[in-house]
Amino acid sequence: MTNGFLIDMDGVIYRGSELIPGADRFVNQLLEQDIPFLFLTNNSQRTCRDVAKKLDRMGIPVDERHIFTCAMATARFLADQKPNGTAYVIGEGGLLQALHLNGYAVVDHDPDYVVVGEGRAFNFEMLETAVRLINNGAKLVATNLDPNCPTPIGSRPGCGATVALLEAATGRKAFSVGKPSPIMMRSARKELGLSAGETTMIGDTMETDILGGVQMGYRTILVLSGTTSRSDLVDFAYRPDQVVDSVADLCDAVQARSLSVV
Ligand SMILES: [Mg+2]
């Protein structure tokens with residue numbers, strides 16, 4: 001019997017700005033039945049409030065407490081490692097806010113860390129600054145290493161691509177906190193107050209959602225409504241516990257509270 005869910009969003013709940021049919025019914029069932037869940041995203045661009053508002057407008061009435069971003073995971077991790085530290089940031093509002101909320105100052109001189117997240121607003125000058133700061137001893141931290149992000153007109157470079165540029169330029173390897181890192185996967189599970197055996201991860205990406213869940217001993221469900229098709233599964237040494245076309249297929253099981261039945 002599953003007791004709670006960690007749920008990826010892009011490719012699971014929506015694609016871009018389009019709701020995946022039945023996703024609203026699935027989440028509303030979880031809310032009605034008081035089943036604990038968190039939306040888990042490797043997008044560090046938006047704040048939790050922004051994400052909750054986007055979902056609410058799609059007919060999914062959740063609030064900030066239901067959102068867990070890699071920006072939050074990264075900021076909490078850094079605050080734990082080095083309380084009240086400093087960071088030079090290549091990223092946007094979600095990451096900046098998470099760092100501030102966790103006691104970090106954002107600086108452009110002699111930082112403890114260079115933190116890289118999703119963003120479209122940075123320029124080459126900022127990358128040059130980051131390279132210089134890393135060469136001078138700042139540690140390179142990535143909110144995630146997703147190489148690209150899907151958009152309605154094709155994929156765009158993700159945080160992992162920016163990080164790869166900085167790694168190549170400095171010869172230093174980044175430390176990444178987002179999915180599939182156990183740091184984010186464990187921290188989200190603890191937020192729900194569940195044990196590993198009580199936790200199910202639902203996602204559309206094998207390399208992040210499913211791998212992250214498998215590594216932590218969570219139950220895993222792959223949905224085929226996003227980036228992965230059934231024929232891709234042969235390429236991986238690990239597999240999800242269950243494969244469904246979309247979360248709409250999980251509604252009956254949630255209704256019957258019997259998600260352990262494959
Ligand atoms: Mg996804």
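Let me begin with D8, which counts as buried in this predicted model, at 7% relative accessibility. Its place is the loop between β1 (4-7) and β2 (14-15).

D8 leads us to the magnesium ion. Which residues are the protein donors of the magnesium ion? They are D8 (OD), D10 (O) and D204 (OD), and they lie 2.1 to 2.2 Å from the ion. Along the chain, the donors follow the spacing D-x1-D-x193-D. The pair of D8 and D204 links distant parts of the chain, the two residues being 196 residues apart. D204 sits in the loop between β13 (199-203) and α8 (206-216). Is D204 buried or exposed? Its relative accessibility is 3%, so D204 counts as buried, the cut-off for that class being under 20%.

An unreviewed UniProt entry places the feature "binding site" at K179. The residue is found in the loop between β12 (175-176) and α7 (182-192), and at 2% relative accessibility K179 counts as buried.

Finally, I consider L31, in helix α1 (residues 23-32). L31 is partly exposed, with a relative accessible area of 28%. What does L31 touch, not counting residues up to four places away in sequence? The contacts are F37, P61, V62 and H66. As for P61, it stands 30 residues from L31 in sequence, while the C-alpha to C-alpha separation of L31 and P61 is 8.9 Å.

How values were computed
Residues numbered from 1 in each chain as written. Predicted model: local features only at pLDDT ≥ 70, side-chain atom pairs only at ≥ 80, totals over all residues. Heavy atoms only, no water. Helix = DSSP H or I, 4+ residues; strand = E, 2+ residues; numbered from the N terminus. Buried < 20%, exposed > 50% of the residue type's maximum accessible area, 1.4 Å probe, protein only. Contact = heavy atoms within 4.5 Å. Donors = N, O, S within 2.8 Å, 3.2 Å for Na, K, Ca; no water. UniProt positions renumbered as here; feature names shortened; annotations may be inferred.
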